[in-house]
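Dear colleague,

Please find below the structure that I am handing over to you, followed by an account of what was found in it.

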Amino acid sequence: MTADLIGQTLGHYKILAKLGEGGMGVVYRARDEVLHRDVALKLLAPGAIDKVGRDHLLREAQTASALSHPNICTIYQVGQSESDFYVVMELIEGKSLSDLITSTGLSMETVTRYGAQIADALSHAADRGIAHRDLKGSNVMVTADGRVKVLDFGLATRIEREEISELTLSYEALESKLVGTLPYMAPEILRGQKGDHLSDLWALGILLYEAAAGRLPFTGKTGFEVSSAVLREPPPPLPPAVPHGLAAVIQRCLMKERVERYQRASEVRAALEAVQGAVLQTRHPSEETRGPRTIVLRGMEHLAMKNRDVLLMVGTNKGAFLLRSSRDRHKWDVAGPYFHGQQVHAIAYDGRNGRHRLWVSTSSVLWGTFLRSSDDFGRIWTNPLEASIRFPADTGAALRNVWQISLGRADEPDTLFCGVEPAALFESRDAGESWTLARTLYDHPHRPRWLPSNAGLFLHTIIPDPSTKSRMYVAISAGGVYRTEDSGATWQARNTGVRVVFLPEKYPEFGQCVHKIVLHPSRPERMFLQNHWGVYRSDNRGDSWQDIARGLPSDFGFGMVMHPHDPDSVYIVPVESDEFRCTPDGRLRVYRTRNAGGSWEALERGLPQKGAYETILRDAFTSDTLDPAGIYFGTRSGKLFASRDEGKSWRKILEGLPQIMCVKVAIIEMDGLPSTKSPSKPRSAQPARSSALRKASPRGKRR
Amino acid sequence: MMLVSFAIPGPLREFSGNQTSVRIEVLSGANLLEGLQALFTAYPGLRDRILTESGQLRQHVNVFIGKEDIRYTGGLTTPLPANAEITIVPAISGG
């Protein structure tokens, strides 16, 4: 009965797609033809409940539809149509808590934050005499912005005494909904009593335990074993990382005797909020301390991002600037400077896993380097109490700068990397909350002989191999290229064929001052390298390198950009020499190869060709992923150039910025944002001008 | 026990509850490092901005006890007199 419903209409709801299926029926995405909004429509399976049960459910659903709370999925309508009985509710885009909980659990901050929201929802409902009675991980959704929504309030069918006994005896044979429900059932329900707000608090305790520990407290091979554990056994100890305060809240929720539990959900919420405050103060290394949030005001108007916009992020030595444009990349709104006066060496945008998070490393000459993030395109930034990237005490090292923030592979959406000075790699597996030093690289026997470059000794490039999970490349100035084949257990220098001008030995195993390496995901075995003198290609994962600089005015340079779609196209900006790090002959020219280094062509249309002594730093050069690709670079003199036709022609989109340290770009894909209007009307929906928000008009005419 | 006061520079007041000066109780005879640790316990956001993770005073942060720059009085082990007025000031820097 399911597939053929797509496209049909039920009441005034047009069924669009199937979202999921459970014991009670099927959930569809549907279009409300009257109010013109998408909704979730749950159609009960015909035999799911009998007439009495249906009437009862109808009454309960009607009562539940009166609930209006930010953490409760709103029920819009309960309807009957011929033989069909359906519930129409708020459509929630997100993931269920059961999908989010991994085997290691969630961070303590997340557990308390989600737990407090669920408790708030239960409290709101309990105040109106409504119990949930089927609270479990699959009934709790988390939206992309971290808001919890509890589903199916009051919609649980009453499970009668007979069903319970059947359930405990033949667990495997039962419908999946009951199997999913049993581990959350309070002892009194297993004894045949009706679920109420106190059994909801038990279920909340189970959820908190599961989220903190990554596993359920009461398990078994059969339903009998599960219910026996629920009735008789204490919950197994929580992992040591769970703070005492949180463990105490969970324990009290999971008291077998109802009178010993919390008596109100609001008490649980208050207790969790108290724990939340304590968790934030904990100096546990895995619990990154968020600290106060800095709201950047200074009379600044921020970017109004729209879905599918292009976001250009510019780090300078006096702060960061953010620019947005529609996909035509014609006009840019500018906001900034953020982090007034601080050096911004690294920026990244993490759009994985429903996030839309900006990461910035800010470095104050005075007060040190901190990683900061914003989930709303720069309105609010975290300002951690403690530095999240820190060298272990036994190294005696202290962080000077973060030079690179890199995302892990798409299938590891919580993995981030940072390349820092002094040269080291840090890794986060929890979306940037906590960071660990890659110890084997830090302790590499070559380290004592790495030489600081002009800007210090630092790790600036990180490339996880797109084809092989255990392989990764890093580049260190001046240490060279290093590769791991075993997920970081060991690292090998990969510099054969790359020349060193500043050592007596011209082709050493390591010690090269590599400025940038790139590779294209479709040809992961092939890499390109811009050296401190020298441009190279490797066809064997860095095992050996060939000089490909023939035809360039100089083989000295810093940045290097891979074309997003063509694995044979690479861009560089040669500068004259080590001593005179400016574009040769006062001409700003980007060079491109379209045959993997066989030949090079100068791209200069729209770029100044007289008196332009410019330097483009290694991370101030990037490409977007659109077609045709956009190429962007910033100069040390504070000019920002862009090409929206793969380099054929260029425009100066901004000038007068402080020295540009890094330029990154992202295409924002975000369902919650409005779409940009037609590109033919770029002026529409643009915010008002202010001193900080400027319109950058193209000024691409040749001088 | 004795009281000492710390003058907090503008850029760090975000982490001192916006106070320009905070009074902290320390053990009699405590040195500057112990005084700072008491300060950091009360205002944890200050620590990593004044010291590096290896425990050194940041290069361009100067600390004075009264009018004395502690770089010339024994650094972080300089003893604190009762009612010491400790001033944390950013050095002149450019770039």
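In strand S19 of chain A, A:Glu421 is the bridge partner of A:Asn401. Strands here are DSSP E runs of at least two residues, and helices are H or I runs of at least four, both numbered from the N terminus. S18(A) and S19 (residues 416-421) are paired in the antiparallel sense over 6 bridges; two strands count as paired if DSSP finds at least two bridges between them. They belong to an open sheet of 4 strands in chain A, ordered S18-S19-S20-S21, with antiparallel pairing. Strand S18 (401-407) and strand S21 (436-437) of chain A each have a single partner strand and stand at the edges, so one side of each lacks a neighbour in the sheet.

Please note that this is a predicted model, in which local features need pLDDT of at least 70 and side-chain atom pairs count only at pLDDT 80 or more, while totals for chains, interfaces and linings use all residues. Residues are numbered from 1 along each chain as its sequence is written, and chains are lettered from A and ligands numbered from 1 in the order in which they are written.

Chain A as a whole has 11 helices and 39 strands. Of its 703 residues, 48% count as buried, that is, with 20 or more other C-beta atoms within 10 Å of their own, C-beta atoms being placed from the backbone.

A:Ser361 lies in strand S15 (residues 357-364) of chain A. This residue is buried because 28 other C-beta atoms lie within 10 Å. Leaving aside residues up to four places away in sequence, A:Ser361 touches A:Val344, A:His345, A:Ala346, A:Thr369, A:Leu371, A:Val402 and A:Ile405; a contact requires C-beta atoms, placed from the backbone, to lie within 7 Å. The C-alpha atoms of A:Ser361 and A:Leu371 are 4.5 Å apart, although 10 residues separate the two along the chain.

Turning to the helices, H7 (residues 197-213) and H9 (residues 244-253) of chain A have axes that come within 8 Å and cross at roughly 145°. The axes are lines fitted to C-alpha atoms over the stretch in contact, with angles running from 0 to 180 degrees between N-to-C directions. Among the residues of H7(A) that meet H9(A) are A:Leu201, A:Trp202 and A:Tyr209, and the H9(A) side includes A:Leu246 and A:Ile250.

Finally, the contact between the chains takes 17 residues from chain B and 17 residues from chain A. On the side of chain B that touches chain A, helix H2 (residues 47-50) of chain B gives the most, with 3 residues.

With kind regards

Technical notes:
Contact = placed C-beta atoms within 7 Å. Buried ≥ 20, exposed ≤ 12 C-beta atoms within 10 Å, placed from the backbone.
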